[in-house]
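Please keep the sequence and the 3D view open while reading this note. The points can be checked one at a time.

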Amino acid sequence: MREVGGGTGTPRRAVVIGSGVAGLTAARAIADRGARVTLVERDRLPKAPVHRAGVPQGRHTHVLLEGGQRALERLLPGAVGELLDRGAPRVGMPEDVLQWQSDGWYRRTAATAHLLTPSRPLLESVVRRRVLAGGRVETVEGTEAVGLTGDAERVTGVVVRERGSEGGGGRREVPADLVVDASGRGSRAPHWLTELGADPAPEERLDTGLAYTSRLYRAGPDPEEGAGAARYAGQYVVPDPGQVYGAVVLPVESGLHLVTLSGLRGCEPPTDDEGFTAFAARLPHPLVREWLSRAEPVSEAHGFRDTANIRRRYDRPGRRPAGFVATGDSLCAFNPVYGQGMTVAVLNALALREELGRRDGAEASRRVHRALLRSSRQAWAISAGADKNMPGATGNAAGTRAVERPLTLYMARVQRRAGGDPLVGAAFRAVLGLVAPPRALFAPRVLRAVLLGPDPAVPDRPPLRREGEETPEPTPERG
């Protein structure tokens, strides 16, 4: 890739802006090709897994989808095992979760997919330690990127300054053959590229106005346990156009649960104690509110509002410099309610590693962006495809075209059947988990079940026991 490294596809020196999951995994991908990498990070990186200011979503629910777990093992072998050893829960779907979607409860049949649900600080800690252990990646902490060097033909480095320095004080240039923007959905790179005389990347945007609030809890006693009810790991209320409120209750390490409540524009969940619990009454079933009434809060509630789907099309024609790549949320940011961000960041890193090993053509930077966008295409189709149907969605990617309507109707049938038909449910989870392509939903057996099969029976109340477990006989009273 002559644009970023002299013809072999491998840069000699690279700078990665941001040391979140996207930045760390991109750094490892580049280092795997033999380059020296400098990670530029605004925060001082903690030694222990604790929250940091530079991760605005860090206090909210995070999941690593099955596709993300497989990708992380390819990039950092042993990382998933270390997460499990350090307490990251592994949650089977649908077996371990009480899930409400499309006006009904999911049957708790045997799990066909698994989520990892560590806190964001724990996951970053494990990934960071492994990335930095290789010796080719260094961090420059307490430092922010404020611009790019070069011109509209080639980026040659990054302008940085010590965080908190006044005016132009403390500025210096860090030269690089390749600059990777992993600074997140608020990236300033489009502005920096324009300053160099390059064309801005067209943006696709879709915003439902979704907002969410999260709080950490210690679970209270389950009144059903005395009756022999099977334990469940979490709860998931999935919003849709007819029911716009959502909730996720999932375990994290240390025996705690993270609870996230969501609503659309004008119905944002509050952050005060009483308001947070009261908001749960808007959900279609009292289960979550009852759980909250028994649980002990162990943190403040934190809100988040910046949830638009944004895709920056650096792959489109235009005058853009060699030596620059965007990854993670800087390239394609999703509505966080779908839990795709960390998985796609790792998939982007694998795509970057593969592309850096190729010999280049004249359009090398654009080719790399095409590859990274391909690795995020399925997640975008899921997130944007669902959000187009939500009331009040805005943006240039909003609205359903006539050609998309048959697919929208088919997917609505898939969702209605996924909770009660194990065949349809398994295919649906494989696609959502980014381990199977969308065509898996059109396999002959799935297609027949969706189009010709009767509506499957689903529980009319939360299935507190896994399917197949017998209801225990009541214990006779002593007298």
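The points below concern a predicted model and go from a sheet to a surface patch and then to some backbone details.

1. Five strands form an open sheet in the order 7-2-1-11-20, and their pairing is parallel. Strand 7 (137-140) and strand 20 (324-326) lie at the edges, since each pairs on one side only. On average, neighbouring strands of this sheet are turned by 20 degrees against each other, with direction ignored. In general, the strands of a sheet pair through backbone hydrogen bonds, and the pairing is either parallel or antiparallel.

2. Strand 2, which covers residues 36-40, pairs with strand 7 in the parallel sense, and the pair has four bridges. To find the place in the view, look for Val 37: it stands opposite Val 137 in strand 7.

3. A helix on the sheet. Helix 1 (residues 21-31) packs on the sheet and touches strand 1 (13-17), strand 2, strand 7 and strand 11 (178-181). The direction of helix 1 makes about 165 degrees with that of strand 2.

4. A nonpolar surface patch. Which residues form the nonpolar patch on the surface? They are Leu 407, Phe 442, Leu 447, Leu 451 and Leu 452, and together they have about 460 Å² of accessible area. Phe 442 sits in the loop between helix 11 (422-432) and helix 12 (444-451). Phe 442 counts as partly exposed because its relative accessibility is 36%, and that class lies between the limits of 20% and 50%.

5. A cis peptide bond. As a general rule, most peptide bonds are trans, and most residues other than glycine have a negative phi. The bond from Met 93 to Pro 94 is cis, with omega near 5 degrees. Pro 94 belongs to the loop between strand 3 (90-93) and strand 4 (97-101).

6. Positive phi at Ser 102. Ser 102 is not a glycine, yet its phi is positive, at about 55 degrees. This residue is placed in the loop between strand 4 and strand 5 (104-105). Is Ser 102 buried or partly exposed? With 22% relative accessibility, Ser 102 counts as partly exposed, because buried means under 20%.

7. Positive phi at Leu 434. Leu 434 is a residue other than glycine with a positive phi, near 60 degrees. Its place is the loop between helix 11 and helix 12. The relative accessibility of Leu 434 is 15%, so Leu 434 counts as buried.

How values were computed
Residues numbered from 1 in each chain as written. Predicted model: local features only at pLDDT ≥ 70, side-chain atom pairs only at ≥ 80, totals over all residues. Heavy atoms only, no water. Pairing = 2+ DSSP bridges. Helix = DSSP H or I, 4+ residues; strand = E, 2+ residues; numbered from the N terminus. Axes fitted to C-alpha atoms, helices over the stretch in contact; angles between N-to-C directions. Contact = heavy atoms within 4.5 Å. Patch = residues over 30% accessible without salt bridge, like charges linked within 9 Å, V, L, I, M, F, W, Y side chains within 5 Å. Areas by Shrake-Rupley, 256 points an atom, 1.4 Å probe, with all protein chains shown as cover. Salt bridge = Lys/Arg side-chain N within 4 Å of Asp/Glu carboxyl O. Buried < 20%, exposed > 50% of the residue type's maximum accessible area, 1.4 Å probe, protein only.
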